[in-house]
Amino acid sequence: MLLESGTDLHSFHASVKDNSKGSSCGLLLYGGGESYKWFENALESAQNKDWRTNKRMEFLGVTIKEEENVEGMQESGHGHEDEDEKEYDEHVWTSLRNASVICGIIAETLEEMDPENKDVYASNAAAYQEKLSNLDTEYQNTVDSAKQNTPLFADRFAFRYMVDESGLNYY
């Protein structure tokens, strides 16, 4: 882990030591998107040329959502050189369904890298995916039986994937 417990990714600035630590590992799992631009540069100077990288946003392909502003939201202010460049929502893990897909892909990668322990990775992934599925069902049942279906957020909105798949509106 490059970020210590409690560190806010939005304000994290990688040090030379962080870049070195990340580029010398055997497998690097990271999100992708705007918050990880700093790491894209570090990848180019990786010390371990045999490493594997997995970017969460690539796992999900066409299901990645473009950022959107709904009533009451402020523009993100990231500022792009090309204002027509699309900005994608990086918070893919807030969807329990996405988390399950990501878990499966990570397990497959580990199985390929360490075939001797393939069954352990597969078993652990299946158990975790079952927990995610049960939690998703419980969450959806709660949403379906709720009297209100519109949460109000007063901070960064990181739950687009979750609200979209569960049928919630948001402001």
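Reply: Rings of Phe, Tyr and Trp (its six-membered ring) pair if their centres lie within 6.5 Å; planes under 30 degrees apart count as stacked, over 60 as edge-to-face and the rest as tilted. The model is a predicted one. By this rule, three aromatic pairs are found.

Start with F153 and F157. F153 is partly exposed, at 25% relative accessibility. F157 is buried, with a relative accessible area of 13%.

F157 also pairs with Y170. Here the centres lie 4.0 Å apart and the planes are at 10°, so this pair is stacked. The two residues are 13 apart in the chain, and their pair links distant parts of it. F157 sits in the loop between α5 (118-145) and α6 (160-166). Y170 lies in the segment after α6. Y170 is buried too, with a relative accessible area of 6%.

One aromatic cluster takes in F153, F157, F159 and Y170.

α5 has 28 residues. From its first C-alpha to its last, α5 reaches 41 Å. That is close to the 40 Å expected at 1.5 Å a residue.

Which residues of α5 are buried? They are A125, L132, D136, Q140 and V143. An α-helix has 3.6 residues a turn, so residues three or four places apart point the same way. The buried residues of α5 pack against α4 (96-113) and α6.

Take the α4 side. Two packed helices are described by the angle between their axes and the distance between the axes. For α4 and α5, the angle is about 180° and the axes are 9 Å apart. Angles over 145 degrees count as roughly antiparallel. α4 and α5 are therefore roughly antiparallel to each other.

The residues in contact are as follows. α4 brings L96, R97, A99, S100, C103, G104, A107, L110 and E111. α5 meets them with K118, Y121, A122, A125, Y128, Q129, L132, L135, D136 and Q140. By class, this contact of α4 with α5 has 11 nonpolar, four polar and four charged residues.

Definitions and conventions:
Residues are numbered from 1 along each chain as its sequence is written. This is a predicted model: local features need pLDDT of at least 70, side-chain atom pairs count only at pLDDT 80 or more; totals for chains, interfaces and linings use all residues. Side-chain values use heavy atoms; hydrogens and water are left out. Buried means under 20% relative accessible area, exposed over 50%, partly exposed in between (1.4 Å probe, protein chains only). Helices (H or I, at least four residues) and strands (E, at least two) are DSSP runs, numbered from the N terminus. The expected span of a helix is 1.5 Å times one less than its number of residues. Contact means heavy atoms within 4.5 Å. Axes are lines fitted to C-alpha atoms, for helices over the stretch in contact, and angles run from 0 to 180 degrees between N-to-C directions. Angles under 35 degrees count as roughly parallel, over 145 as roughly antiparallel, 65 to 115 as roughly perpendicular and the rest as oblique. Ala, Val, Leu, Ile, Met, Phe, Trp, Tyr, Cys and Pro count as nonpolar, Asp, Glu, Lys and Arg as charged, and the others, Gly among them, as polar.
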